[in-house]
Amino acid sequence: MRASFKSPAARHIILAIAGLGALIAARPAPAQTLHDVSALKAQVQGFAGGANARIDPRLVVPRCQAPAMSWARADVVRADCTSPAWTLYVPIDQPYAPGGQPAAFASRPRPAIRRGERVLVEAGGQGWAVSIEAEAERDADGNRIALKGPAGRRFTGRIEEGGKVVLSR
């Protein structure tokens with residue numbers, strides 16, 4: 001005896017059961033590996049000259065091969081990852097040097113870029129880099145500098161170790 005599934009309700013039930021079976025049989029996508037937060041904290045603390053980095057241990061971020069560190073403010077370290085793209089601003093606790101600056105700032109000289117100076121600005125990613133010459137619109141503010149490109153376009157650069165200027169995101 002053959003069953004007939006001509007009624008729309010019966011066909012919908014069969015399709016729903018088949019779809020449910022397909023969902024159950026499907027394997028979940030592999031979990032993305034996560035960055036070790038304690039290792040990230042150690043990297044930030046190393047960049048900040050040993051100052052305590054205040055990172056919540058429950059933080060969840062995708063794994064990054066080599067996060068780039070820079071100063072966002074005198075008491076905040078910026079950690080950037082290009083692939084996958086993420087940015088963290090990590091507050092730090094650090095003793096102040098006699099000059100009133102955090103000890104990490106006092107221990108390393110910061111390059112001074114003044115208004116009107118021409119600088120080479122670099123932007124890049126894995127396997128590529130582009131650089132242009134730009135003019136500083138005003139004196140550098142910590143590790144940030146306002147720039148004007150050759151076509152008159154304004155943008156912000158980030159001053160890294162050794163005076164290298166990179167395009168800010």
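1. In this predicted model, residues 24 or more positions apart account for 40% of those contacts in the protein chain that have a separation of 6 or more. The protein chain has 169 residues, of which 29% count as buried, and the chain exposes about 11,300 Å², with carbon and sulfur atoms supplying 57% of that area.

2. As to secondary structure, the protein chain has three helices and nine strands. Read from the N terminus on, these elements follow the order α-α-β-β-β-β-α-β-β-β-β-β.

3. Four of the strands form an open sheet, ordered E1-E4-E3-E2, in which the pairing is antiparallel. The edges are taken by strand E1 (52-53) and strand E2 (68-73), each of which pairs on one side only. Helix H2 (residues 37-47) packs on this sheet and touches E1, E2, E3 and strand E4 (86-93), while the direction of H2 makes about 60° with that of E2.

4. The pairing of E2 with strand E3 (residues 76-81) can be followed residue by residue. The two strands run antiparallel and are joined by five bridges, and a hairpin of two residues connects E2 to E3. Ala68 stands opposite Asp80 in E3, and Met69 has Ala79 in E3 as its bridge partner.

5. Which residues touch the most other members of the largest nonpolar core? Within this core of 19 residues, they are Val44, Met69, Val77, Trp86, Leu88 and Ile92. At least two residues of the core come from each of H2, E2, E3 and E4.

6. Met69 deserves a separate entry. When residues up to four places away in sequence are not counted, Met69 touches Leu40, Gln43, Val44, Phe47, Val77, Arg78 and Ala79.

7. The structure holds one aromatic pair. Phe47 and Trp71 form this pair, which is tilted, with 5.3 Å from centre to centre and 45° between the planes. The pair links distant parts of the chain, since Phe47 lies in helix H2 and Trp71 in strand E2, 24 residues apart. Are the two partners buried or exposed? Phe47 counts as buried because its relative accessibility is 14%, under the limit of 20%; Trp71 also counts as buried, because its relative accessibility is 1%.

8. A last point concerns Arg114, whose place is in the loop between helix H3 (103-107) and strand E5 (118-125). At 46% relative accessibility, Arg114 counts as partly exposed, because this value falls between the limits of 20% and 50%. Arg114 and Ala140 are 6.3 Å apart in space, C-alpha to C-alpha, although 26 residues apart in sequence.

Definitions and conventions: Residues numbered from 1 in each chain as written. Predicted model: local features only at pLDDT ≥ 70, side-chain atom pairs only at ≥ 80, totals over all residues. Heavy atoms only, no water. Pairing = 2+ DSSP bridges. Contact = heavy atoms within 4.5 Å. Axes fitted to C-alpha atoms, helices over the stretch in contact; angles between N-to-C directions. Buried < 20%, exposed > 50% of the residue type's maximum accessible area, 1.4 Å probe, protein only. Areas by Shrake-Rupley, 256 points an atom, 1.4 Å probe, with all protein chains shown as cover. Core = buried A, V, L, I, M, F, W, Y, C linked by side-chain atoms within 4.5 Å. Phe/Tyr/Trp six-rings, centres within 6.5 Å; stacked < 30°, edge-to-face > 60°.
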